[in-house]
Amino acid sequence: MSGEKQPFLRDQLSQAVTAARGGWEVLRHKGSSQIQFWFIALAVGIAAGFAALFFRKGIDWLQSTIYGVEDPRMLHSFAEGLPWFLILVAPIVGGLIVGLILHWFTPDGRVRAVADVIEGAALADGRVEQKAGIASALASLITLSSGGSTGREGPVVHLAGVVSSRVSDWIKADGITGRDLLGCAVAAAVSASFNAPIAGALFALEVVLRHFAVHAFAPIVIASVAGTVINRLEFGDMTEFHLGTDSALEFYVELPAFMLLGLLAGGIAAVFMRGVFWAEDLGNGIQRRTGLPRWLRPAIAGAFLGALAIAFPHIIGVGYETTSAALTGELLLHEAIVFAILKVIAVGITIGGRMGGGVFSPSLMIGALTGLAFGMIATGIFPDVSGSETLYALAGMGAVAAAVLGAPISTTLIVFELTGDWQTGLAVMVSVSLSTAVASRMVDRSFFLTQLERRNIHLAAGPQAYLLGMFRVAKVMRPLDHDRTGESEALLTLVDQGIYLEMNATLERAMPVFERTGLDIIPVVTLAPGDAPPALEGALYQVDALKAYNRALAATAAEEHS
């Protein structure tokens, strides 16, 4: 009798193992459509939320240690009473430490941020660089604590990407599952940073994944809620900013003014983005011409920041105190204008000097100051038909930030969640829509996509533009021993004419060659050292390239509409 039970038990155990393996394979390849995946999304959300919380608390602790301020949110006003040499030296020392960290732990001395996460979602199956990402987070933490003039969302988003990448590697997730995990981590990190669960989820969908597929919505929302809970357990249910008491839109006749503000904000956002890119190019040019060591570049940028902060300490750090002052109307007209200009310069120095940090918080500050200045002028010219000037500050804050991020939906919502004011949506939406339309025509849709375009990564135009760059010729070509490869002599003749492709070239380079030459087959070679002729390895058929491209387009469309 026992002998009969043993085969039965073995069969049951074998079936259970097979079922478990099958379930694991489904989870790896179709994770977001499985309820089990939601538990992984929750765990990733909790981990990313705590990473964002520790990053924020680390900045507060370091700022308190360096400057001696009890409340880091009041750092700017506190710094006015500090010795000038402390304000000057802090960003120099911080920049030197940042430079050494990036020199040792990154291949190019560049800080990773949101643009790299977008690239990872599109081109790397939802993975980001992990070693360089951790180094970038540490560098940005030091930068923001020692006088750098950027925001914390960029490093936090990439740090969340590091968390999701580790999990994706552990479960060997495919592209769709890896991207969904990345979206979960980003949503949780943004929510934990700003106490904004709705905006956190939509930021992950709109900015990082760049689609609103239904299959990704549930796990991303779960992770976003987890990040928000972590924030509220530490800070309570509090908004980041408090508005003045009079912020209601009382006269619809004001809507044209908010349309004008949107146009102005779009132009300001474009100037801000172009200014940062110009500063980066200037820094690269100076470094190249002078032979400046890359580890010293952030320290020199820190010296410029320190000198500027002696007279204008409001440029130090994230800038929430100045943003709050703009939203409550506590600044004069000339202060709002001067502070906005100086913030643009300070952000350009920080990012151009490769010190790290993000651009979202600075764009909020610049937008609030722009809106306040516009509101003061508008209400001064038309006092009888104007509401509060602080409402213009709120609309300007959303308008500039939306144009910089290229994310009108999530930015509109994050402005509401940061301020707790949902009654003025009409004014904010009008300004945001126009600012985004204006700025997107002056750059490649957003700050992040323009950064990638400057690296020859063409994501702004959509999958039809960047998918060709994902395929190496070596993976699509037919080797010489393939029974359908063209005659070797004909291929060698083309090589002698200079018509060939290298093994490591991409289809993005190959397709123009097909179109220019009118050929259906192009030889693929390996370049030999010296004057030796290229070695023929095989041939790339146009039909094979088009098939690979079509399959990639179909897979992308299926993912975005599932």
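Here is a short chat about the predicted model shown above.

Visitor: Before we start, what pLDDT do local features need in this predicted model?
Guide: Residues are numbered from 1 along each chain as its sequence is written. Side-chain values use heavy atoms, with hydrogens and water left out, side-chain atom pairs count only at pLDDT 80 or more, totals for chains, interfaces and linings use all residues, and local features need pLDDT of at least 70.

Visitor: How many helices and strands are in the chain?
Guide: Helices (H or I, at least four residues) and strands (E, at least two) are DSSP runs, numbered from the N terminus. On that count, the chain has 24 helices and four strands.

Visitor: What share of the residues in the chain is buried?
Guide: Buried means under 20% relative accessible area, exposed over 50%, and partly exposed in between, using a 1.4 Å probe and protein chains only. Of the 562 residues in the chain, the buried share is 55%.

Visitor: Is threonine 506 buried or exposed?
Guide: Threonine 506 sits in the loop between strand E2 (501–502) and helix H23 (507–517). Leaving aside residues up to four places away in sequence, threonine 506 touches Leu468, Gly469, Phe471, Arg472 and Val473, where contact means heavy atoms within 4.5 Å. Its relative accessibility is 13%, so threonine 506 counts as buried.

Visitor: How many residues of helix H13 are buried?
Guide: H13 covers residues 320–327 and is largely enclosed by the rest of the structure. Its buried residues, among them Tyr320, Glu321 and Leu327, pack against helices including H3 (75–79), H8 (175–194) and H14 (333–352). The buried count for H13 is eight of the eight.

Visitor: Which residue just after H13 takes a positive phi?
Guide: The phi there is about 70 degrees. The residue is glycine 329.

Visitor: How are H11 and H18 oriented to each other?
Guide: Helix H11 (residues 255–290) and helix H18 (residues 425–439) pack at about 40 degrees with axes 7 Å apart; axes are lines fitted to C-alpha atoms, for helices over the stretch in contact, and angles run from 0 to 180 degrees between N-to-C directions. Angles under 35 degrees count as roughly parallel, over 145 as roughly antiparallel, 65 to 115 as roughly perpendicular and the rest as oblique. H11 and H18 are therefore oblique.

Visitor: How many charged residues are in the contact of H11 with H18?
Guide: Ala, Val, Leu, Ile, Met, Phe, Trp, Tyr, Cys and Pro count as nonpolar, Asp, Glu, Lys and Arg as charged, and the others, Gly among them, as polar. The contact of H11 with H18 has 14 nonpolar residues and five polar ones, and the charged count is no residues.

Visitor: And how is H6 oriented to H7?
Guide: Helix H6 (residues 130–145) and helix H7 (residues 153–171) pack at about 155 degrees, with axes 9 Å apart. That makes the two helices roughly antiparallel.

Visitor: Which strands stand at the edges of the sheet?
Guide: The open sheet has four strands in the order E1-E4-E3-E2, with mixed pairing; two strands pair if DSSP finds at least two bridges between them. Each edge strand has a single partner, so one side of each is left without a neighbour in the sheet: these are E1 (478–479) and E2.

Visitor: Which residue in E4 stands opposite arginine 478?
Guide: E1 and strand E4 (residues 535–541) run antiparallel and are joined by two bridges. Opposite arginine 478 stands alanine 539.
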